Amino acid sequence: MPRIDADLKLDFKDVLLRPKRSSLKSRAEVDLERTFTFRNSKQTYSGIPIIVANMDTVGTFEMAAVMSQHSMFTAIHKHYTLDDWKLFATDHPECLQHVAVSSGSGKHDLEKMSSILEAVPQVKFICLDVANGYSEHFVEFVKLVRARFPEHTIMAGNVVTGEMVEELILSGADIIKVGVGPGSVCTTRTKTGVGYPQLSAVIECADSAHGLKGHIISDGGCTCPGDVAKAFGAGADFVMLGGMFSGHTECAGEVIERDGQKLKLFYGMSSETAMKKHAGGVAEYRAFGGARPVGSPLPEGDVENTILDILWGLRSTCTYVGAAKLKELSKRTTFIRVTQQHNTVFG
């Protein structure tokens, strides 16, 4: 018999953060850097824990070069060649501590990832990324990668429930990617009916991960800097962004013109566009897609302005709730349920 979980589950749009007394004099006083030591790899990482998603239009080497200047992270998409990686490592050695090699769960994926990590040993992060992190095959794949790379930090996902977070951590992953269906170009929810409101997913998964000394990434669903702050307030250790970083100079993607406006294509990695580009077509069993190509308006200038906007918003959130450090934000967060985020009368 089907069952219904009647407990209320919330998304970023359903809440605001309640302001609290603060002794901070300005946003400049807020420390956004975090230092983590990971459960399974035992590696330590320091930086601002915002990650560019490993989509082929966003998770580029050009993006990583800029992000690393702000001590921010990039999950590099899996379609670069070994030679591409060698060239990047030669030209940008300072970026290598702030990037991850991405991989699916196939045999070819593993072989390619292994060759990259062997050629560029300075890279210590692996991003194992599949649409459905609940399969037994994926759990076994995480175990295999952990055995082969005992000292690398493994990100793995995506899932949205505590018990699967725990299983992946116990199987060798360090950081679990949380999010099924919240992304701006993801059609998982409309095509399959599967998903979980992102704010509740983060709260529940963070609780499970932190109980095992693991970590989570809130992956998807952020539309503005305020959503990034809510994800951290909900307990996320890292926040991964795709759409918010799309369309910039540093992004890949075909530039098209529509109604007199220049757009840069941005699509999910299970979309028909991605399948045709990288696999020569869409496999019959995947024909539903998973995401759709959209035009992302080209922003003014480089990604730098967007980075500063996000960091400014996050610092402001911390001053509103009295968090001197990003680490303190979740402890200082009280969410209030709302029916409206902001006044839209004048657009």
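This briefing walks through the main features of the structure shown above.

The model is predicted: local features need pLDDT of at least 70, side-chain atom pairs count only at pLDDT 80 or more, and totals for chains, interfaces and linings use all residues. Residues are numbered from 1 along each chain as its sequence is written, and side-chain values use heavy atoms, with hydrogens and water left out. The protein has 10 helices and 15 strands. Helices (H or I, at least four residues) and strands (E, at least two) are DSSP runs, numbered from the N terminus.

**Overall figures**

- The protein has 347 residues, and 52% of them count as buried. Buried means under 20% relative accessible area, exposed means over 50%, and partly exposed lies in between (1.4 Å probe, protein chains only).
- The accessible surface comes to about 16,600 Å². Carbon and sulfur atoms hold 51% of that surface. Accessible areas come from the Shrake-Rupley method with a 1.4 Å probe; for residues, only the protein chains shown count as cover.
- Among contacts with a separation of 6 or more, 67% join residues 24 or more positions apart. Contact means heavy atoms within 4.5 Å.

**The barrel**

- Eight strands form a closed barrel, in the order β4-β5-β6-β7-β8-β9-β10-β11. The pairing is parallel. Two strands pair if DSSP finds at least two bridges between them.
- From one strand to the next, the twist averages 25°.
- Strand β10 (residues 215-219) and strand β11 (residues 238-241) run parallel and are joined by 3 bridges. D219 stands opposite M240 in β11.
- Strand β8 covers residues 153-159 and contains N158. The peptide bond from G157 to N158 is cis, with omega near 20°.

**A helix pair**

- Helix α4 (residues 136-148) and helix α5 (residues 162-170) have axes that come within 9 Å. The axes cross at roughly 30°. Axes are lines fitted to C-alpha atoms, for helices over the stretch in contact, and angles run from 0 to 180 degrees between N-to-C directions.
- On the α4 side, the contact uses F138, V139 and V142. On the α5 side, it uses M164, E167 and L168.
- These residues divide into 5 nonpolar, no polar and 1 charged. Ala, Val, Leu, Ile, Met, Phe, Trp, Tyr, Cys and Pro count as nonpolar, Asp, Glu, Lys and Arg as charged, and the others, Gly among them, as polar.

**Cysteines**

- The structure holds 0 disulfides. A disulfide here is a pair of cysteine sulfur atoms within 2.5 Å.
- C224 is in no disulfide. The nearest cysteine sulfur, that of C222, is 7.7 Å away.
- C224 is partly exposed, because its relative accessible area is 30%.
- C127 counts as buried, because its relative accessibility is 0%.

**Trp312**

- W312 sits in helix α10 (residues 304-321). Its relative accessibility is 47%, so W312 counts as partly exposed.
- W312 and P225 are 87 residues apart in sequence. Their C-alpha atoms are 8.4 Å apart in space.

**Positive phi in loops**

- K42 lies in the loop between β2 (34-37) and β3 (44-47). Its phi is near 65°, a positive value in a residue other than glycine. K42 is exposed, because its relative accessible area is 61%.
- S71 lies in the loop between α1 (61-67) and β5 (73-76). S71 is not a glycine, yet it has a positive phi of about 60°.
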